[in-house]
Every structure is written in C-alpha cells, then in structure tokens.
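Hi there,

Here is the structure I promised to pass on. Have a look at it first, then read my notes below.

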Amino acid sequence: MGAGAVSPAGPGRPGGKLAGLTLVTLERSRPLIGPAAGVAAAVILFLLLQGNGFTSTLVVDMLVYAIAAMALDFLGGYTGLISLGQAGILGVGAYGVAIAEVHLFTPWAAVGISLAVVLALGLVLGIVAVRVKGVSFVIITLALGQVLWGLAFQWVGLSEGDNGISVATLPTLGPIDLNDALTLRMTVLLVFWVVALLLVLLVHSPFGLSLRGVRSNEARLAALGYRTGLHRYLAWVITVFFTGVAGVLYVFVNQLISPSTMDFSANGLFVIMVVLGGLRSIWGPALGAAVIVLFQQELSIYVTRWQTLMGLTLIAVMLLRPGGFWGLVRAAGRHRDALIARLRMRRSAGPAAGPSRPAAGPAGQPQAGRAASGTIKPGETR
C-alpha cells in the first residue's frame, strides 16, 4: 500500500473501537429511554405540585386537561374519529358530581353517580355517533356538545344556569382526604398516570392494532371478519368514560362547574391540544394541553391578544412540523435508529471495506510493480 493510502477504521483500530462503543451504548439505552423519561417527568411533576403557589395550580390544570386530550387522541388518532363534543362530556362528568352533592349524596356516591351517567351517555350517544365517519361524525359530535351546553345553560332548576354549581366537600378515604390541597394534587397526578398507562396499553393491545386497521382500511378489516362498527363504538365509549374522569377531577380542582366550561370554544381547544401535541401519540396531547394552559393562564396575563399568538403558533407548528411537538421526539428516534443502522453496517464490513492490497508476485513484488519495472517479458503470463 502506498504511503498516501488511509487505513480504514476496523475493530482493532481506535476509530473502530469508538464506533463499537457508540453502537453498544445506543443499542442498550434504546429500550431504557422511554421509561427513564417517564420517571423523570413523574419526579418533575411531583416536585412542581408540592407548593401551594400559582405553579402548582397551573400544573394540576394541565394534568386535568391532558387526560381529556389523551382520551380524544385515542379516538381521533387511532380510530380516525375527531370529536367536537369533548368539552360537553367533561362538563357532564363535572355536573354529575355537583348535582349529586346538591341533592345530599355523599361525595363518593356523587363520583359513582357521575361516572355511571357518563358511561350511560357514552353507550347511548355512541349508537348514533359511530354510524357515520369523517366530517359527518365531527358535525354530529359538535351538535351533541352544543345540546349538552344548552341543557347546562337553560335547565336552571338543575344546573343553576350561568351561575354554575359549587362543590364544597370532596371525598375522603381513611387518611386520604381530598379536601387537603396537596392530597388532591397528588391524586390528580396519580389518576393522570393511570389513565395514560391504560391508554398506552390499549393502543398496543390487539384491540388497538385493530383500531389502526379500521382507520387505515376499514373495508379490508371487514372482509377479514372484524366487526369494525363495534370497534368504533367501543373506542367511543372508552373516550367518553376517560373524559368523564377528567370532568370529575375538574370539579374537584376548581370546586365550581358552569356552562362556560362546555361552550364551543372549549371544544375547539381540546382539538387544538391534540393537533398541537401530535396525533397518534397519547403523550403528545399531554404536551399540547400544557402549552394551551400556559397560553390561557400565564401568557394571557402579559399579552392581551394571546389568542392571536396561539393561532400563529398552531399555524407555524403545522407548517414546520405537521406531526406536532411529539413529532420532534419521533424525529429524534428516527435519527438514532439511522445512526445505529450505519454503525452496524460499518462494523459488519470491517477492514474489508477499505481499499485492498495488490496481489504479490512470485518474488514478493507486486504484479503491478513488476509490470511497471519492465520485468515482465513479452509472452509471459501475468
């Protein structure tokens, strides 16, 4: 090999050792990144919720809205059904607790009544809602949401109209007293993680995989024998129930529920949370909920036209990163996988990937060198 040739980085050379170490590190850390990020997020949220200031109030509101946004993403992202009635369902969960307590039910009984009403509502409305898809489903859910808002606004004898209903007493269970602010915040955090993990398990279950098939090619799944209508119906009921859970937590945190929680703009905000965070991710809508709550409760203090800024942010995200904020996480994962693939190819190629040496002649001299020096006589074979 000539003096100017560069030896390739193989397993025994410094470059090869560095590449091998990098490959091993990336491969071993890949399954740990998700759990480690989850533990870090749980610790951060736990610490932020310890105080009694504005920050803890902000975070607990984020968690409540995140539950409803993740439930909507389960329906819209994996089944392809975007609902514009999410705020109405959340309001039913909240009103169920408040109205039951007004009628002298105990707090735990009020929670049970609220969740039962939400579940019954999902079972009944789902018969109508999931019969259609696409824009028709959006319009039907929007109409259902407006009907629920109208009932809350005009049925004054039950809902107290625009004044709303306050909740003074929260449930207690032994030493666990939700009337204590810190205990309530920790309970909201616990319920958030439970709901999130349940939704993730559902997404990766056979049922969740079949929902993806319904969204991608419903005709093919129906031909394979799947009851696609039943799958959409169950996804709707699951979404409604978890949204009702968010409604129960909402009235516990705010201790007041009024029709303004269920109006049209509130329905739009849930859709924005999902789109901004990223469809088909479960965790993305939680990020979207955090951003929207920050715009509503933090940025609105300093910026009068915060809705305009929120709209511009949504436009920018959709133009630059259509996958939402969670798309950045997915892009980082793809770059990592591509790097692992390149490092594997380089290791499998080894030294053979570099330029090969010329074959040596009988006297140990390269054939090319013998030809160049004129030692090969006419008629001699090479």
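Predicted model: local features only at pLDDT ≥ 70, side-chain atom pairs only at ≥ 80, totals over all residues.

Residues are numbered from 1 along each chain as its sequence is written, and side-chain values use heavy atoms, leaving out hydrogens and water.

Let's start inside. A nonpolar core is a set of buried Ala, Val, Leu, Ile, Met, Phe, Trp, Tyr and Cys residues joined through side-chain atoms within 4.5 Å; buried means under 20% relative accessible area (1.4 Å probe, protein chains only). The largest such core has 88 residues, and L63, F74 and W236 are among those touching the most other members.

Next, the helix pair. α2 packs against helix α9 (residues 228-254) at about 170°, with the axes 9 Å apart. The two are therefore roughly antiparallel, a label for angles over 145 degrees. The residues in this contact (heavy atoms within 4.5 Å) are 17 nonpolar, four polar and two charged.

Finally, find S83 in the loop between α2 and α3 (86-102). S83 is buried, at 1% relative accessible area, and its contacts beyond four places in sequence include L72, F137 and W236.

Enjoy exploring!

Methods:
Buried < 20%, exposed > 50% of the residue type's maximum accessible area, 1.4 Å probe, protein only. Helix = DSSP H or I, 4+ residues; strand = E, 2+ residues; numbered from the N terminus. Axes fitted to C-alpha atoms, helices over the stretch in contact; angles between N-to-C directions. Parallel < 35°, antiparallel > 145°, perpendicular 65-115°, else oblique. Nonpolar A, V, L, I, M, F, W, Y, C, P; charged D, E, K, R; others polar.
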